[in-house]
Amino acid sequence: MAEKYLFCVAHRHGDQWEAICLDLDLAVQGTTFAEVQEQLNAAISSYVEDAAKEPEPTRSQLLGRRAPLSARIAWLWPVVVSAVFDRRDGKNASVQFPVACHA
């Protein structure tokens with residue numbers, strides 16, 4: 001089975017980070033980017049593992065769950081603005097990153 005990559009975004013707000021997997025609508029919080037990246041990887045692994053144990057059609061519904069469009073736009077907008085205007089003010093940052101999914 002080919003490896004799939006999930007679209008994830010992290011934002012720093014002062015000294016805190018939030019990250020979300022937009023493809024599975026899972027979110028975590030932490031104090032560093034590395035921490036939220038690790039937590040999100042673990043949350044995704046656990047979620048996919050648990051979803052794979054479910055019978056159809058529940059399994060497909062769980063693995064096909066995406067964040068609502070309004071959340072996707074709200075999370076992606078700062079990434080786009082940062083990329084277009086190269087804004088990195090030291091306190092706030094937005095990063096998009098892929099996470100491998102073996103579902």
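The model is predicted.

The protein chain contains 3 helices and 4 strands. Along the sequence these elements run β-β-β-α-α-α-β. Of the 103 residues in the chain, 32% are buried. Among contacts with a separation of 6 or more, 54% join residues 24 or more positions apart. The accessible surface amounts to about 6500 Å². Carbon and sulfur atoms contribute 56% of that surface.

In soluble globular proteins, nonpolar side chains tend to be buried together. In this model, the largest nonpolar core comprises 18 residues. Those with the most contacts inside the core are Cys8, Ala19, Cys21, Leu24, Leu40, Ile44 and Phe97. Two or more residues each are supplied by β1 (4-13), β2 (16-21), β3 (26-30), α1 and β4. Helix α1 gives the largest share, 5 residues. Cys21 illustrates the packing. Leaving aside residues up to four places away in sequence, Cys21 touches Leu6, Phe7, Cys8, Leu26, Leu40 and Ile44. A second core is separate and has 7 residues. Ile20, Leu22, Ala67 and Val79 are among its members.

Aromatic contacts were examined next. A pair of aromatic rings is described by the distance of the centres and the angle of the planes. The model has 2 aromatic pairs. In one of them, the ring centres of Phe33 and Phe97 lie 5.4 Å apart. Their planes stand at 90°, so this pair is edge-to-face. Phe33 belongs to helix α1 (residues 33-52), whereas Phe97 belongs to strand β4 (residues 92-101). The pair therefore ties together parts that are 64 residues apart in sequence. The two partners fall into separate accessibility classes. Phe97 has a relative accessible area of 5% and is buried. Ring pairs link Trp17 with Phe33 and Phe97 in a cluster.

Trp77, Val80, Val84 and Phe85 make a nonpolar surface patch of about 460 Å². Val84 sits in helix α3 (residues 69-85). Its relative accessibility is 57%. The cut-off for exposed is over 50%, so Val84 counts as exposed.

Key. Residues are numbered from 1 along each chain as its sequence is written. This is a predicted model: local features need pLDDT of at least 70, side-chain atom pairs count only at pLDDT 80 or more; totals for chains, interfaces and linings use all residues. Side-chain values use heavy atoms; hydrogens and water are left out. Patches are made of residues with over 30% relative accessible area and no salt bridge: like charges are joined within 9 Å, nonpolar side chains (Val, Leu, Ile, Met, Phe, Trp, Tyr) within 5 Å. Accessible areas come from the Shrake-Rupley method with a 1.4 Å probe; for residues, only the protein chains shown count as cover. A salt bridge is a side-chain nitrogen of Lys or Arg within 4 Å of a carboxyl oxygen of Asp or Glu. Buried means under 20% relative accessible area, exposed over 50%, partly exposed in between (1.4 Å probe, protein chains only). Contact means heavy atoms within 4.5 Å. Rings of Phe, Tyr and Trp (its six-membered ring) pair if their centres lie within 6.5 Å; planes under 30 degrees apart count as stacked, over 60 as edge-to-face and the rest as tilted. A nonpolar core is a set of buried Ala, Val, Leu, Ile, Met, Phe, Trp, Tyr and Cys residues joined through side-chain atoms within 4.5 Å.
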